[in-house]
Amino acid sequence: MTNITTSRRRMLLGVAAFAVGGPASAAIRVVPPQSAGFTPAGVAALNSEMHALVDQQKLAGVVTLMARKGRVVNFDAYGMADAGAKTPVRTDTIFRIASMTKPITGVAMMQLYEQGKWKLDDPVHKHIPEFAGLKVKGPNGTLVDQVRPMTMAQLMSHTAGFGVSATYEATRLSETDLQGMIDKLAKLPLESQPGADWAYGPVVNIQGYVVEKLSGKRLDRYMQDHIFTPLKMPDTQFWVDPSKVSRVAAVHSYDAAGKIVRMEPQARVQTQPPRFLAGSGGLYSTAEDYFRFSQALLNDGQLDGARILKPQTVKLMRGDVLQPGVGVDLYGPVQKGVGFGMDFAVHRRPQESGLPHGLDTYWWGGAFGTWFWIDPTNDVVFVGMIQNVNGSTPGRGTPPVREISAKQAYAALADRARA
């Protein structure tokens with residue numbers, strides 16, 4: 001494990017002051033859909049479906065961006081960024097992307113992996129000594145030893161043995177900083193044996209802590225230097241510059257009649273670097289910024305001359321690492337045909353899943369309803385942005401925009417071989 005000097009440790013725990021954003025992002029050029037193998041009618045139908053959800057007051061506003069082979073064929077904004085103030089949503093509207101932060105933290109981790117700072121089979125306690133000897137909950141309130149120590153690969157795939165987020169609500173893991181979170185988790189038993197279960201909990205925040213330990217930088221500074229600035233993502237960070245606050249979408253919910261309304265009280269916009277840097281879900285971003293991140297991964301780790309990962313590392317991230325019998329069960333039943341890699345869900349068995357995406361498509365989404373996918377088989381990137389409380393939770397009012405957009409996108413893709 002990398003040693004950090006006292007002065008460096010103080011820097012990590014303090015609030016870093018630096019400008020958000022690198023060079024101004026390049027303007028998106030939208031090409032005719034047919035030039036990338038999509039039908040104009042199919043793309044129009046995609047937009048019509050999204051617009052109808054706004055017109056029916058099921059969404060306040062929506063931004064979607066679709067590209068193939070690096071060429072954007074559709075970049076659409078419709079409706080309101082703030083239904084209360086009647087502020088139109090724009091293509092440069094800033095959204096809370098919540099768990100779409102996770103793949104970015106995963107890339108940061110894999111950059112350090114490429115540098116040899118950790119290995120997939122390393123025990124986690126090699127890098128977090130506080131976790132050495134963690135017990136596991138056994139039957140009838142007993143505590144048992146780990147059969148095998150949790151590994152870094154398991155930490156990257158939600159199978160390290162920690163519980164779901166609700167397990168830790170009373171513990172208030174985020175009330176101080178990342179070190180405080182580690183200190184609290186070190187006093188608690190694991191919920192399952194490492195590798196035996198997929199549980200959506202604190203593991204990516206733990207990854208953020210590892211990034212800080214191994215890089216000697218605060219997580220926000222590391223991401224700025226090694227991901228956001230190289231990829232020209234000027235509107236992505238853990239806070240929003242005060243000059244950009246007017247561009248931030250409001251969070252919405254539903255009234256008793258099921259119609260979209262501005263949530264009251266409105267969620268606060270973070271305008272200063274937070275003490276707790278949530279690698280699991282703390283970032284703000286735009287559709288364009290997240291497209292550039294996604295396109296870099298589709299391009300085997302590089303975009304416009306900036307390389308953030310090696311091709312073999314990207315392939316490793318989108319490979320299924322779950323043990324046989326372990327499935328992804330984010331909202332209930334295990335998602336058939338879906339595996340999990342390094343901070344991404346992965347489409348492994350299309351005949352089981354019934355999903356229209358190509359084989360090996362990888363994706364994730366955010367709690368406020370934002371979503372994206374990267375399809376290496378068909379060379380497609382899709383990014384969608386909405387802003388609803390519980391926006392990704394089935395049965396909480398938000399329409400299934402991920403399924404609707406995927407169905408329409410692939411229906412529009414007429415020429416899958418076209419360059």
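Which residues of β15 lie on one side and which on the other, and are they buried or exposed? The points below answer this and then describe the surroundings of the strand.

1. Basis of the note. This is a predicted model, in which local features need pLDDT of at least 70 and side-chain atom pairs count only at pLDDT 80 or more, while totals for chains, interfaces and linings use all residues. Residues are numbered from 1 along each chain as its sequence is written, and side-chain values use heavy atoms, with hydrogens and water left out.

2. Strand β15. W371, W373 and D375 lie on one side of β15, F372 and I374 lie on the other, and all are buried. Here buried means under 20% relative accessible area, exposed means over 50%, and partly exposed lies in between (1.4 Å probe, protein chains only). Because five of the five residues of β15 are buried, the strand is largely enclosed by the rest of the structure. Strands (E, at least two residues) and helices (H or I, at least four residues) are DSSP runs, numbered from the N terminus.

3. The sheet around β15. Strands of a sheet pair through backbone hydrogen bonds, either parallel or antiparallel. Two strands are taken as paired if DSSP finds at least two bridges between them.

4. The β14–β15 hairpin. Strand β14 (residues 362-365) runs antiparallel to β15 and is joined to it by four bridges. In this pairing W364 stands opposite F372 of β15. The two strands form a hairpin with five residues between them, and G369 in the turn has a positive phi of about 100 degrees.

5. The β15–β16 hairpin. Strand β15 (residues 371-375) also pairs with β16 in the antiparallel sense, over five bridges. D375 has V380 of β16 as its bridge partner. Four residues separate the strands of this hairpin, and D379 in the turn has a positive phi of about 60 degrees.

6. Strand β16 and its other neighbour. In a regular strand the side chains alternate between the two faces of the sheet. In β16, V380, F382 and G384 point one way, V381, V383 and M385 point the other way, and all are buried. Strand β1 (residues 61-68) pairs with β16 in the antiparallel sense over six bridges. M66 stands opposite F382, and V63 has M385 as its bridge partner.

7. Helix α2. What should the 16 residues of helix α2 (residues 40-55) span? The expected span of a helix is 1.5 Å times one less than its number of residues. For α2 this should be 22 Å, and the end C-alpha atoms are 22 Å apart, which agrees. The buried residues of α2 include V43, L46, M50 and V54. The buried residues of this helix pack against β1, β2 (71-82), β15, β16 and α11 (401-412), where contact means heavy atoms within 4.5 Å. Just after α2, Q57 takes a positive phi of about 60 degrees.

8. Helix α6. Twelve of the 13 residues of α6 are buried, so this helix is largely enclosed by the rest of the structure. The end C-alpha atoms of α6 (residues 203-215) are 18 Å apart, in agreement with the 18 Å it should span. Among its buried residues are N205, Q207, E212 and K213. G216, which follows α6, has a positive phi near 75 degrees.

9. Loops to inspect. The peptide bond from E264 to P265 is cis, with omega near -5 degrees; P265 is in the loop between β8 (260-262) and β9 (284-285). N140 has a positive phi near 55 degrees, in a residue other than glycine, and its place is the loop between β5 (136-137) and β6 (143-144). N140 counts as exposed because its relative accessibility is 80%. K232 likewise has a positive phi near 55 degrees, and K232 is partly exposed, with a relative accessible area of 28%.
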